[in-house]
Amino acid sequence: MTSTAQDQHPAAAQRVGVRYFAGAAAAAGVEEEHLELPAGATVGDLVAVLGASRGADLTRVLAACSFLLDGVAADRSDRLPPGAVLDVLPPFAGG
């Protein structure tokens, strides 16, 4: 079996920002934070880390949220580029 450079070196960490809005900010207890994630992490990976670190209230809110990745609508399968900012948007009521 051959090894690649990636096998020999663990994935580098990358820093990403998270901005919470409305009920998501209330559930998170902060409006903004920065986290270190492995290179190649997805929006879903970040959401899982957030839920695990912030508890059940945020986990429930995250299940209903939509996300903007650097200002563009994102799916949980989207990869996070280094330095990305993820906006966490709970459902908004209005008319």
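## D87 in strand β5

D87 sits in strand β5 of this predicted model, where strands are DSSP E runs of at least two residues and helices are H or I runs of at least four, both numbered from the N terminus. With 7% relative accessibility, D87 counts as buried (under 20% relative accessible area; exposed is over 50% and partly exposed lies in between, using a 1.4 Å probe and protein chains only). Leaving out residues up to four places away in sequence, D87 touches R19, F21, S66, F67 and L68, a contact being heavy atoms within 4.5 Å.

Local features here need pLDDT of at least 70 and side-chain atom pairs need 80 or more, while totals for chains, interfaces and linings use all residues. Residues are numbered from 1 along each chain as its sequence is written, and side-chain values use heavy atoms, with hydrogens and water left out.

## Salt bridges

The count comes to 4 salt bridges, each a side-chain nitrogen of Lys or Arg within 4 Å of a carboxyl oxygen of Asp or Glu. In one of them, the side chains of R19 and D87 meet at 2.6 Å, N to O. R19 belongs to strand β1 and D87 to strand β5, so this pair ties together parts that are 68 residues apart in sequence. R19 itself is partly exposed, at 34% relative accessibility.

R15 pairs with E36, their closest N and O atoms being 3.7 Å apart. Here R15 comes from strand β1 (residues 13–20) and E36 from strand β2 (residues 32–38), so the link joins parts 21 residues apart in sequence. D57 and R60 also form a salt bridge, at 2.4 Å, N to O. Both lie in helix α4 (residues 56–64), 3 residues apart, or about one turn of the helix. D57 counts as partly exposed at 48% relative accessibility, and R60 as exposed at 56%.

β3 pairs with β5 (residues 85–89) in the antiparallel sense over 4 bridges; strands pair if DSSP finds at least two bridges between them. S66 has L89 as its bridge partner in β5. β3 also pairs with β4 (residues 72–74), again antiparallel, over 3 bridges, with A74 of β4 as the bridge partner of F67. The β3–β4 hairpin has 2 residues between the strands, and D70 takes a positive phi near 50° there.

## The whole chain

The protein chain has 4 helices and 5 strands, following the pattern α-β-α-β-α-α-β-β-β along the sequence. Buried residues make up 34% of its 95 residues.
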